[in-house]
Amino acid sequence: MKKSWYMLALMICAFVLGDVLCNHASGSLSWLSYKAGFEFQPGTLSITNVFSITFGFNFYISVAQALMIIAGFFLYYKTAEKICK
């Protein structure tokens, strides 16, 4: 169970650090800020005028985030046995 929490923490840190790198990349490192993703446009389910639910989803990932996730997996496999005894 410790390994699962350790992996989750590393992946969250990788996403956040990758986003910071993406937002601050400029000059020759501007390729790190390229983003790709997909989204489902919001759709509304209305049942009379009393109840309505709106669903929507979008997911974007940058090159910097992808690289940080790969680094997070590498770090996990190198350190998980030592940290999560």
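I started from the rings: Phe38, Phe40, Phe57 and Phe59 form one aromatic cluster. I note at the outset that this is a predicted model.

**Entry 1. The strands.** I looked up the pairing of β1 and β2. Strand β1 covers residues 35-47 and strand β2 covers residues 51-62. They pair in the antiparallel sense, over eleven bridges. I then checked the connection. The two strands make a hairpin, with three residues between them. Threonine 48 sits in that turn and has a positive phi of about 55°. Across the strands, I found phenylalanine 40 opposite phenylalanine 57 in β2.

**Entry 2. The ring search.** I searched the whole structure for aromatic pairs and got six. One of them joins phenylalanine 38 and phenylalanine 57. I read 5.9 Å centre to centre and 40° between the planes, a tilted pair. What does this pair tie together? Phenylalanine 38 is in strand β1 and phenylalanine 57 in strand β2, so the pair links parts 19 residues apart in sequence.

Phenylalanine 38 has 43% relative accessibility, so I log it as partly exposed. Phenylalanine 57 has a relative accessible area of 43% and is partly exposed.

**Entry 3. The second pair.** Phenylalanine 40 also forms an aromatic pair with phenylalanine 57. The centres are 6.4 Å apart, and the planes make an angle of 35°. Why is this pair called tilted and not stacked? Stacked requires planes under 30 degrees apart and edge-to-face requires over 60, so 35° counts as tilted. The centres at 6.4 Å pass because the cut-off is within 6.5 Å. Phenylalanine 40 lies in strand β1 and phenylalanine 57 in strand β2, so this pair ties together parts 17 residues apart in sequence.

Is phenylalanine 40 buried or exposed? I find 55% relative accessibility, so phenylalanine 40 counts as exposed.

**Entry 4. Glycine 56.** I moved to glycine 56, which lies in strand β2. Which residues does glycine 56 touch, leaving out those up to four places away in sequence? I get Phe40 and Pro42. Glycine 56 counts as exposed because its relative accessibility is 55%, and the limit for exposed is over 50%.

I also took one distance from here. Glycine 56 and isoleucine 70 are 14 residues apart in sequence. In space they are 28 Å apart, C-alpha to C-alpha.

**Entry 5. Recap.** Phenylalanine 57 pairs with phenylalanine 38 and with phenylalanine 40. Phenylalanine 40 is also touched by glycine 56.

Notes:
Residues numbered from 1 in each chain as written. Predicted model: local features only at pLDDT ≥ 70, side-chain atom pairs only at ≥ 80, totals over all residues. Heavy atoms only, no water. Pairing = 2+ DSSP bridges. Helix = DSSP H or I, 4+ residues; strand = E, 2+ residues; numbered from the N terminus. Buried < 20%, exposed > 50% of the residue type's maximum accessible area, 1.4 Å probe, protein only. Contact = heavy atoms within 4.5 Å.
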